[in-house]
Amino acid sequence: MEPVGVKDSLRVERQAARASREYHERIRGSLPLREKRAALADFALASYKRLRIHPSPGAREAIESLREPDMLVLEMAHDGQLPHLGIVRLVLKTDDIARVDGHAVTLYLVGNHYSPSMRPDNIHFGMPLQGQSPDTVKHPPKVRIGKANAHKPFRWLLPPSVEDLARLRKQVDDFLVNNLAHERERLSREPDASKEVLRGRATRIFSLLDTAARDVRTFGDWLIRVQHDLFRLMIGDGADRVVFLPMADLVDLLREELATIGRSADALSSVKHEVSEEQKARGEESYQTKPEPSSFWMHCPACTRRQRAPWYQGSPVEFACAVCGHRQSLTDPEVWRWLLPDIVAYETAVFRLGIGGWVVGSRAPYHPVIERAYPRLFGISMPPKFLLTSVPTFWGLGDPPAGYPKTRLLRALLEMEPDAVAAALRAPWNDDPRLVSDLLRAS
């Protein structure tokens with residue numbers, strides 16, 4: 001029994017684990033879990049091979065355990081990026097729920113289908129400058145993509161070159177020099193052991209980025225591999241039961257479900273309209289402002305830009321690009337290279353893998369659409385959703401005094417040890433973790 005007055009730091013996670021396990025036991029007989037989970041395990045192994053990840057014995061065991069119908073699977077998904085601390089916290093807290101259950105695995109789905117133009121901040125290192133937050137820095141350190149590639153999805157871009165990363169390292173070093181000077185003036189002294197510590201940590205970080213870039217073939221895979229390696233740097237074998245997977249490629253396991261969604265286009269359109277109108281009536285941000293012609297995106301085979309296009313399994317898609325004018329008739333199996341469901345169709349299909357709990361970081365307007373569409377299309381209740389809205393802030397060299405609420409993990413690792421970052425981000429569910437640079441703790 002817990003002593004009186006002692007706070008249970010995992011109270012929310014225990015409740016989430018219990019709700020997820022109860023849901024899983026209730027619905028497992030309604031899904032072909034043995035077949036679905038075997039395909040998921042095979043997909044994970046193939047993805048790790050492509051990412052040049054050599055799974056530890058514990059990680060391989062976790063992936064193989066996906067084949068077990070009684071294994072609880074929790075999901076956290078986010079667009080591909082050099083992650084900020086909020087994303088890292090989402091993954092760690094999902095893992096905490098899995099640890100509480102004791103027979104669970106976390107799927108971290110990384111959106112490799114976004115493009116630099118859609119998510120321009122996702123390739124930033126996240127450096128402040130002399131009291132300015134990273135949001136206001138005019139020329140922030142970031143991975144260079146080039147205008148010609150701005151609209152190409154990460155999964156079809158090349159990884160950063162050696163020269164790209166060397167240029168980024170120089171930018172980061174320059175920012176550090178300026179931020180050190182800023183803090184010397186503010187503190188009237190040199191921040192503790194600053195130059196040597198920063199140099200060693202920067203070398204460790206860029207060695208990890210370089211290795212990942214040499215090992216993979218696409219920018220999307222680089223973003224996934226970097227995150228995998230960073231989590232292992234932070235929590236070592238504790239990352240074994242977090243499985244890092246590419247969102248776009250996972251569609252190959254969902255063709256049957258997506259075919260059902262395609263045949264149910266009218267029903268899904270009705271759900272989108274209903275929920276959007278209800279959101280408007282309540283004065284909330286609505287999912288859509290006008291009807292969507294389809295729940296599927298089609299990427300142009302010529303310019304790779306995307307547009308919504310109706311799709312029904314077995315019928316060709318007569319594609320005409322609204323940007324470059326390219327026209328092409330797309331049929332099975334080629335259509336699967338260019339087709340991607342929107343977020344509502346995607347999540348609705350992913351749940352059919354037997355997801356027992358869904359961890360999210362915001363009240364996105366598409367969530368209610370998914371929550372109504374899933375039971376309507378598949379006749380089964382939604383997995384429980386767990387909302388983590390706490391915001392980690394980091395205060396380090398060159399930051400504003402209040403710190404910054406979207407600090408990138410790479411930047412934080414310049415000024416804190418990896419295990420300390422992870423420990424801080426595992427703070428109780430409803431806490432807003434505040435991380436402080438090792439170099440400023442005495443100030």
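Arg-306 sits over the face of Trp-297, 3.8 Å from the ring centre. Arg-308 lies over the face of Trp-297 as well, at 4.4 Å from the ring centre. Keep in mind as you explore that this is a predicted model.

**A stacked pair**

- The ring centres of Phe-125 and Phe-206 are 5.8 Å apart and their planes are at 0 degrees; planes under 30 degrees apart count as stacked, so this pair is stacked.

**An edge-to-face pair**

- Trp-311 and Trp-336 make an edge-to-face aromatic pair, with 5.2 Å from centre to centre and 75 degrees between the planes.
- Trp-311 is found in the loop between strand E5 (306–308) and strand E6 (317–320), and Trp-336 in helix H11 (residues 335–338), so the pair ties together parts that are 25 residues apart in sequence.
- Trp-311 is buried, and Trp-336 is buried too.

**A cluster of rings**

- One aromatic cluster is formed by Phe-351, Trp-358, Tyr-374 and Phe-378.

Terms used
Residues numbered from 1 in each chain as written. Predicted model: local features only at pLDDT ≥ 70, side-chain atom pairs only at ≥ 80, totals over all residues. Heavy atoms only, no water. Phe/Tyr/Trp six-rings, centres within 6.5 Å; stacked < 30°, edge-to-face > 60°. Helix = DSSP H or I, 4+ residues; strand = E, 2+ residues; numbered from the N terminus. Buried < 20%, exposed > 50% of the residue type's maximum accessible area, 1.4 Å probe, protein only. Lys NZ or Arg CZ within 6 Å of the ring centre and 35° of its normal.
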